[in-house]
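Grab a viewer and work through these exercises with the model open. Each one has a task, then a solution that goes step by step.

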Amino acid sequence: KLTYNNADSLIYWWLDGYVDFTVDQKVHVKNEMQAFHQWHRKTQLPAFAEIAHSLQKISASDVTAAQLCTLADQIQERLLPTLSAHIEPQVLWLVTHLTPAQIKSIEEKYAKTNEKWLDDWQPKTKATLIKNTEKSILERTDSLYGSLDDAQRKWLRETIRTSPFDAKTAYAERLRRQQDLLGVLKDIQAKKLSSDAAKEPMRAVLQRSLVSPNPANKAYADKMREYNCDLYAKLHNKTNPEQRKHALSKLVDYERDFKILQATK
């Protein structure tokens, strides 16, 4: 609740860390973020509550990897188009008001975040990578199921060892997306495109960020998606009754919280 109620400010500061807004932009973006936040609260949180409710129905039973992948697709198909359509005018305003210095600021921020990414996901040893991956997964699962026991953690570490994760391929796709967006932003700025003229290039870069135009990178992303669905399905199926009870309780709490947040002005 605390995070969501301050989401407009948190997202603003995150964006400002990349763009370094001018004084005039600060006012405009803050106002737009507040309006977007209220729209999201009133129109999108009911869908989040419904998703939390639907997950309660499957939390007590075993699941398959196909079920999880299908569920993830359904959630994305339900939420992303509406979100993208609503926020598009604000995004177009911003990208058509960026200066060369601000695009350079985004590029420099990318370089800093890439250093952190390489530290986490391309460490010197396989053991460090396994440790970092386990930590990332446990940050998700512990909040839902509670702490995993020793046998479950051992299974998780052994499963991570078989992961098809390839830092070189993942990093190459990360760089491709960044350079793709930077190239589009520079072109919009150089040509001084209007919001209408910038619409198609921005839609295209969004689509390329969701589905890589590089066949090898797309195939790798598909493989990782299947692996993750399989890992989380098997991990869920290894949970005990107490952990599933914990998950059900958390999902009930999420549904309740989404409804409370929706009603908050």
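## Exercise 1: the surroundings of Arg 244

Leaving out residues up to four places away in sequence, Arg 244 touches Ser 59, Ala 60, Ser 61, Asp 62, His 236, Asn 237 and Thr 239, where contact means heavy atoms within 4.5 Å. Before going on, note that this is a predicted model, in which local features need pLDDT of at least 70 and side-chain atom pairs count only at pLDDT 80 or more, while totals for chains, interfaces and linings use all residues. Residues are numbered from 1 along each chain as its sequence is written, and side-chain values use heavy atoms, with hydrogens and water left out.

Task: find the helix in which Arg 244 lies, and decide whether Arg 244 is buried or exposed.

Solution. Step one: Arg 244 is part of helix H12, residues 241-263; helices (H or I, at least four residues) and strands (E, at least two) are DSSP runs, numbered from the N terminus. Step two: the relative accessible area of Arg 244 is 12%, so Arg 244 is buried. The cut-offs here are under 20% relative accessible area for buried, over 50% for exposed and partly exposed in between, with a 1.4 Å probe and protein chains only.

## Exercise 2: the whole chain

Task: how many helices and strands does the chain have, and what share of the chain do buried residues make up?

Solution. Start with the secondary structure: 12 helices and 0 strands, which read along the sequence as α-α-α-α-α-α-α-α-α-α-α-α. Next, the burial: 34% of the 265 residues are buried. For the dimensions, the C-alpha trace spans about 60 × 50 × 30 Å along its principal axes. Last, take the contacts between residues at least 6 apart in sequence: 83% of them join residues at least 24 apart.

## Exercise 3: the disulfide

Task: which residues form the disulfide, and which helices hold them?

Solution. The structure has 1 disulfide, a term for a pair of cysteine sulfur atoms within 2.5 Å. The partners are Cys 69 and Cys 229, with sulfur atoms 2.0 Å apart. Cys 69 sits in helix H5 (residues 65-95) and Cys 229 in helix H11 (residues 215-237), so the pair, 160 residues apart, links distant parts of the chain.

## Exercise 4: H3 and its partners

Task: what are the angles that H3 makes with H5 and with H4?

Solution. Take H5 first: H3 and H5 pack at about 170 degrees, their axes 11 Å apart. Axes are lines fitted to C-alpha atoms, for helices over the stretch in contact, and angles run from 0 to 180 degrees between N-to-C directions. H3 is therefore roughly antiparallel to H5. Angles under 35 degrees count as roughly parallel, over 145 as roughly antiparallel, 65 to 115 as roughly perpendicular and the rest as oblique. Among the residues that meet are Phe 36 and Trp 39 in H3, and Trp 93 and Leu 94 in H5.

Then H4: the axes of H3 and H4 come within 4 Å and cross at roughly 45 degrees, which makes H3 oblique to H4. His 40, Arg 41, Lys 42 and Thr 43 of H3 make this contact with Leu 45, Pro 46 and Phe 48 of H4.

## Exercise 5: Gln 44

Task: where is the place of Gln 44, and which residues does Gln 44 touch?

Solution. Locate Gln 44 in the loop between helix H3 (23-43) and helix H4 (45-58). With a relative accessible area of 9%, Gln 44 is buried. Setting aside residues up to four places away in sequence, Gln 44 touches Trp 39, Leu 79 and Thr 82.
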